[in-house]
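These are my notebook entries on a single chain, set down in the order in which I looked things up. The structure comes first, and the entries follow.

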Amino acid sequence: MANVFTEENFEAEVLQSDIPVLVDFWATWCGPCRMISPIIDQLYTELAGKVKVGKIDVDANQGIASAYGVRTIPTLLIFKNGEIVDTMVGATSKDAIMQKLNACL
């Protein structure tokens with residue numbers, strides 16, 4: 001199961017990470033978010049040690065979602081060295097996500 005990011009741990013877990021981080025902005029009521037959830041969990045397992053993978057619930061963490069301009073969910077942001085290097089909006093295939101992550105490694 002993917003990491004859980006919150007407003008409390010976001011800076012330490014995401015912005016200060018020494019490896020790239022995939023952040024899935026989601027909500028429990030979001031159908032497309034539930035569709036890609038198994039993909040996010042697979043990536044968490046497959047990329048352990050290479051990419052940190054986690055989810056942030058936009059309802060419980062509105063400040064972070066707002067700070068990064070997340071208006072549509074699911075939104076996937078890839079961070080490297082504390083900066084956003086790629087963005088994907090909407091339900092995305094595992095292959096498309098992997099392609100973007102591989103570009104960051």
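Entry 1, nonpolar cores. I take a nonpolar core to be a set of buried Ala, Val, Leu, Ile, Met, Phe, Trp, Tyr and Cys residues that are joined through side-chain atoms within 4.5 Å. I also note at the outset that this is a predicted model. I looked up the largest such core and found 17 residues in it, with Phe 10, Val 23, Phe 25 and Ile 73 having the most contacts inside it. I then listed the elements that give two or more residues to this core: helix H1 (10-15), S2, helix H3 (62-67) and strand S4 (75-80). The largest share, 3 residues, comes from S2. Another core lies apart from it, with 16 residues that include Ile 36, Ile 40, Leu 43 and Val 53. As background, nonpolar side chains in soluble globular proteins tend to be buried together.

I asked which residues Val 23 is in contact with once its neighbours within four places in sequence are left aside. I found Phe 5, Phe 10, Val 14, Gly 54, Ile 56, Thr 75, Leu 76, Leu 77 and Phe 79.

I recorded a volume of about 180 Å³ for the largest pocket. It is lined by 16 residues, of which Val 4, Trp 26, Lys 55, Ile 56 and Asp 57 are the closest to its centre. Two or more lining residues come from each of strand S1 (3-4), strand S2 (21-26), helix H2 (31-46) and strand S3 (52-57). Sorted by class, the lining has 8 nonpolar, 4 polar and 4 charged residues.

I placed Asn 3 in strand S1 and Lys 52 in strand S3. Asn 3 has a relative accessible area of 25% and is therefore partly exposed. Its side chain reaches the backbone oxygen of Val 53 at 2.9 Å. Beyond its neighbours within four places in sequence, Asn 3 is in contact with Tyr 44, Lys 52, Val 53, Gly 54 and Lys 55. I also noted that Asn 3 and Ile 40, 37 residues apart in sequence, are 9.9 Å apart in space, C-alpha to C-alpha. For Lys 52, I found that the side chain reaches the backbone oxygen of Glu 13 at 2.9 Å. Residues up to four places away not counted, Lys 52 touches Asn 3, Phe 5, Glu 13, Ser 17, Ile 19, Pro 20, Val 21 and Leu 22.

I found Lys 94 in helix H4 (residues 94-104). Which side chain does the side chain of Lys 94 join in a polar contact of 3.1 Å? I identified the side chain of Gln 42. With neighbours within four places in sequence left aside, the contacts of Lys 94 are Ile 39, Gln 42, Leu 43 and Glu 46. Lys 94 is partly exposed, at a relative accessible area of 23%. The C-alpha atoms of Lys 94 and Thr 45 are separated by 13 Å, and the two residues are 49 residues apart along the chain.

I noted a cis peptide bond between Ile 73 and Pro 74, with omega about 0°. Pro 74 lies in the loop between H3 and S4, while Ile 73 is one of the residues with the most contacts inside the largest nonpolar core. I then turned to Asn 81, in the loop between S4 and strand S5 (83-89). Its phi is near 55°, a positive value in a residue other than glycine. Is Asn 81 buried or exposed? Exposed means over 50% relative accessible area, so Asn 81, at 62%, counts as exposed.

Technical notes
Residues numbered from 1 in each chain as written. Predicted model: local features only at pLDDT ≥ 70, side-chain atom pairs only at ≥ 80, totals over all residues. Heavy atoms only, no water. 1 Å grid on protein atoms, 1.4 Å probe; cavity = no way out; pocket = protein on both sides within 12 Å on 5 of 7 lines; lining within 4 Å. Points joined across faces, edges and corners; volume = space filled by probe spheres on them. Helix = DSSP H or I, 4+ residues; strand = E, 2+ residues; numbered from the N terminus. Nonpolar A, V, L, I, M, F, W, Y, C, P; charged D, E, K, R; others polar. Buried < 20%, exposed > 50% of the residue type's maximum accessible area, 1.4 Å probe, protein only. Contact = heavy atoms within 4.5 Å. Polar contact = N/O pair within 3.5 Å; in protein donor to acceptor, adjacent residues only side chain to side chain.
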